[in-house]
Amino acid sequence: MRKLYVFDTTLRDGEQSLGITLNVKEKLEIGRQLVKLGVDIIEAGFPASSPGDMESVQTIAKELKGVIICGLTRAVAPDIDLCAQALRKAEYPRIHTGIGVSPVHMEKKLKLNPDQVVEQAVAAVRYAKKYVSDVEFYAEDAFRSDPIFLARVIENVITAGATVVNIPDTVGYANPWEYGELIASVLKNVKNIDKAIVSVHCHNDLGMATANSLAGIKAGASQVEGTINGIGERAGNTSLEEVIMSIYTRRDGYGVKSNINTREISATSRLVSRITGVTVPDHKAIVGANAFNHASGIHQDGVLKDRETYEIIQPETIGVPQNLISLTARSGRHALKHCLEELGYKVEGDQLDDVYQRFLQLADLKKEVFDQDLYVLMGDSGSIANSIVLESMSIATNGVEMATATVTLEIEGTMMTDAACGNGPVNALFNTIDRITGNNATLEDYTLKSVTRSSEALGEATVKLRYEDGRLVVGKGFSTDIIEASAKAYINALDKKDLRTSQAKVV
Ligand SMILES: [Zn+2]
């Protein structure tokens, strides 16, 4: 079996397009989970785009070992210099450089003729090779290029030292059979192609990113690029979990094998969703909440008789736990620890005590505590330092029109209380918090959903705040009281604003 290299670009192509700014700590948390998942390459950012991105790539390169850390550049020396600098501490650094090769990119965007494009591509690869041995070249908009010209570019960059050649469908225009043919033609017509790995990179504008990537793999590509949950520019990137589970479930058809630990898929998907604030649709393939639910009576009956009747993937394979113990306020520490271990959390000592206390508070409010509640409990234990704490709040409403909120916050050890009116309880609450903290960011989005399906379910609030410098910061809060969940989410977003984050992107 051929090895399939898995290249994750959640932190670059995924983040770049969301309009959401992840801070270094959040990116590192996602990076650590990607290492557990077993990806071969992490594209950590585009260092020349902003000082924040530079810092993120630097930190990830320093902290994450046993994985290739990659940075993106345009085919220009200053970008490559910065990228090399960001990757200096990486155990296995890779520079990903490239240029547009389709007629529209060359004429309209770059204003270069084909010979100049080849020259610039070769120069960029040679320049990157001065810093690192592992250089990946991307032929931007390759799918809409002239295949003969594309082969010429690829042959030249491999001669210049490129170790991986990426043939993207940048605009998501390809049909699966056409994309497969393009990869086959690169493998057939580029004379020195045996000296490089061919990579597929697809976008989902027509809903075909996964299908196109698989067609490319079937045709002989040995690296696939994509993001967790398929997040990314416009309609998104290739969803890595879909590709991984396709080649796993239908291994007879592809003849490739990856290093991925499929049991980490579910945890990775949840983490990326929590940190980016991008929710996974219930019906999403592989990681959606309903992906393994059998609702129709005929299907349920079949699955109960034999799972294979309607089930092609066992939920355990992607790490969806099959927890049979139900937790209540009477459950002990040991039962909680066991259930958390089933979900992949190792907690001991003080941390267990802390989680257990919060578990008891929750169990007092809910009859039963489900897996989803435990995820929240663990997520809530805070990857972000709490410099603002909600001490108390009360709301007085006069019908549905107006409300008054009184809030006490502890900000870095000092208690501060204020009150304000608003158009409904949540608005009054946010206005009061603004008064106390002096916040002037605007609320761009606010959503509420229930985490589990019972009447005393935990509520999850998500708040997105837009700062004057253009940054969009996501905050989350959980509580059995939805007003309190909303306050916590708002405070969480305010708490993150001072953490060093990327500035507006250049490209
Ligand atoms: Zn892309």
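Analyst: Axes are lines fitted to C-alpha atoms, for helices over the stretch in contact, with angles from 0 to 180 degrees between N-to-C directions. Helices are DSSP runs (H or I, at least four residues) numbered from the N terminus. This is a predicted model, in which local features need pLDDT of at least 70, side-chain atom pairs count only at pLDDT 80 or more, and totals for chains, interfaces and linings use all residues. Residues are numbered from 1 along each chain as its sequence is written, and side-chain values use heavy atoms, without hydrogens and water.

User: At what angle do the axes of H9 and H10 cross?

Analyst: Two packed helices are described by the angle and the distance between their axes. The axes of H9 (residues 209-218) and H10 (residues 240-249) cross at roughly 50° and come within 10 Å.

User: Which residues of H9 and H10 meet?

Analyst: Contact means heavy atoms within 4.5 Å. Thr210, Ser213, Leu214 and Ile217 of H9 meet Glu242, Val243, Ser246 and Ile247 of H10.

User: How are H6 and H7 oriented to each other?

Analyst: H6 (residues 114-129) and H7 (residues 147-160) have axes that come within 9 Å and cross at roughly 25°. H6 and H7 are therefore roughly parallel to each other.

User: Where does the charged end of arginine 251 sit?

Analyst: A charge sits over a ring if NZ of Lys or CZ of Arg is within 6 Å of the ring centre and within 35 degrees of the ring normal. Arginine 251 has its charged end over the ring of tyrosine 248, 4.6 Å from the centre. Arginine 471 lies over the face of tyrosine 467, at 5.2 Å from the ring centre.

Conventions:
Helix = DSSP H or I, 4+ residues; strand = E, 2+ residues; numbered from the N terminus. Parallel < 35°, antiparallel > 145°, perpendicular 65-115°, else oblique.
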